[in-house]
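Please view the sequence and the model together before reading on.

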Amino acid sequence: MATEIKLPQISEGVDSAQVAEVLISEGDTIEKEQSIIAVETDKASVEVPSSDSGKVKEIKVKEGDEIKVGDVILILEGDGEEEAEEAEEDEEKEETEKEKKSDKGEAAKEEKKGGVSFREKQKEEPEEKEEQEKEESKKAAAKSEEQEQKKEEEKEEQEQKKSKETEESKEEKAEEEGEEKEIEKKEEPASPGVRRLAREMGVNISDVEGSGEGGRITEEDLKAHTRKQGQKEEKPKQPSLPDFSQWGEVERKPLDNIRKAIADSTAASWQAIPHVTHFDEADISSIEEYRKKNSKKAEESGGKLTVTAILVKIAANALQRFPMLNASIDAEQGEVILKKYVHIGIAVDTEKGLLVPVIRDVDKKSLLEIAVELTEISEKARNQKLSPEEMQGGSFVVSNLGGIGGTNFTPIVYHPQVAILGISKAKMVPVYINENFEPRQILPISLSYDHRLIDGADGARFLRWIGQALEDPFKALLES
Ligand code: CAO
């Protein structure tokens, strides 16, 4: 019988969610409570457990879908266990039938000859019928015994869960009171697959916190646990927080996965790299004229010719000229890794936080191609459609905050890169030229770099080269 598995109420006041990941495939046999999809709401990211077991006939959702409470996630073909039992029973029946048939070979022959069916013949033989009935009633008794046993096991499991909860609260109490009481640990709720994985990963499952119904431990819980363990070892201990509620009302909200990733990578970069930021500015009056004149051409190709696109192209030329800024340091080996490719990451401001998709081989692409690709990846980033691969492999980053404002800023270098270009808001200012003040469009630019590899003078020369290229692009073209 087909069973529909629907999206349950995830949390109070949340009626819909976005599918972040589909955790099973069509044809899989799944257990009740097994995580089937991961969803993200504006409040949290959670895994949805299946409300039944069986074989997945059809998956009705895909990554990125917005689904409502009550929407069908998948269709199950029926209960896997039940089906297996039924198949076993059928097999047994067939076996007995076969045995009987061979005993009654003669009867079977007669059946063929006389045209009387074997079943009908059986009806005529009360002794055999009686035996068959006995056999069937034996099987029914065995089955009901089995069902009873199953019920007992379920009941026991429920009781274990309950007593575990009480024990946990007891445990807390005991700890508080400093009692050294031995508390017997009951088995943690998790599927056999998750237990096996825990064994393979060398994780003690009783150390893992379950996020499923009734504290059930999912595969994601296991992975999160190992990640946490790894981070615990790597991360320096954060100073403890005071109780803020003593000064006023506060609200605690879980960080979503993207924010956690940003927090981790920013902290790691800041700790690993001794940063220095150098500031400069460039007169972009003539390049702005060029940009406006050619913006239609870019639009026709499906892109937007923006300051960012121009800076990405110029930065690629600068990186070829100053290869140390397109490198990484291998501190353990005492080596510098010079990259022969120029893949530039673009810092994109999205609703979920900062994302950095990468434009590959910028040095081999025309300004128009870069403008089109920049428009595409920025849109993808804002719509949460980027794949992990599209955010990997960057050798340098361009971060433009000029569309928002600010006179200058100090971007953080993304480890394992060694430099990042910051762009702030261009403005019209009077510039003293040939004994006169002229209105010119001035763009503030900054460069943060890893001072282990880049000396102050190298950083200044690199940024000045970019400034000059903005002011006199032909000079840059001639030299590159
Ligand atoms: N000075 C003045 N105006 C600027 C400017 C600058 N430096 N940069 C952009 N603008 C203007 C553009 O000309 C555009 O104006 P119009 O609509 O009138 O043409 C407007 O601001 C918006 O630009 P945009 O965002 O559409 O295009 P962009 O290519 O310049 O920027 C992107 C693309 C992805 C870099 C940007 O949208 C973005 O997300 N920036 C934020 C990056 C960020 O968060 N960095 C911080 C990370 S920490 O290092």
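Is Glu58 buried, partly exposed or exposed? Glu58 is partly exposed, as its relative accessible area is 33%; buried means under 20% relative accessible area, exposed over 50%, and partly exposed in between (1.4 Å probe, protein chains only).

The model is a predicted one, in which local features need pLDDT of at least 70 and side-chain atom pairs count only at pLDDT 80 or more, while totals for chains, interfaces and linings use all residues. Residues are numbered from 1 along each chain as its sequence is written, and side-chain values use heavy atoms, with hydrogens and water left out.

**Salt bridges**

The whole structure holds 13 salt bridges, each defined as a side-chain nitrogen of Lys or Arg within 4 Å of a carboxyl oxygen of Asp or Glu. Three of them are listed here.

| Glu58 | Lys60 | 3.4 Å |

Helices (H or I, at least four residues) and strands (E, at least two) are DSSP runs, numbered from the N terminus. Asp280 is buried at 18% relative accessible area, whereas Arg464 is partly exposed at 28%.

Glu219 and Lys223 both lie in helix H6 (residues 219–234), four residues apart, or about one turn of the helix. Both are partly exposed, Glu219 at 41% relative accessibility and Lys223 at 33%. Lys60, the partner of Glu58, is also partly exposed, at 42%. A network of salt bridges links Asp283, Glu438 and Arg440.

**The ligand**

Around the ligand stand 23 residues, counted where a heavy atom lies within 4 Å of it. Thr306, Thr308, Arg382, Asn400 and Ser424 come nearest. This shell divides into 10 nonpolar, eight polar and five charged residues. Helix H10 provides the largest share of the shell, three residues.

A polar side-chain atom of Asn400 lies 2.9 Å from a ligand nitrogen atom. A backbone N or O atom of Ser424 also lies 2.9 Å from a nitrogen atom of the ligand, and a backbone N or O atom of Asp349 lies 2.9 Å from a ligand oxygen atom. The protein covers 71% of the 960 Å² of accessible area that the ligand has on its own, computed by the Shrake-Rupley method with a 1.4 Å probe.

Definitions and conventions:
A polar contact is a pair of N or O atoms within 3.5 Å; within protein, one must be able to donate a hydrogen and the other to accept it, and residues adjacent in sequence count only if both atoms are side-chain atoms. Ala, Val, Leu, Ile, Met, Phe, Trp, Tyr, Cys and Pro count as nonpolar, Asp, Glu, Lys and Arg as charged, and the others, Gly among them, as polar.
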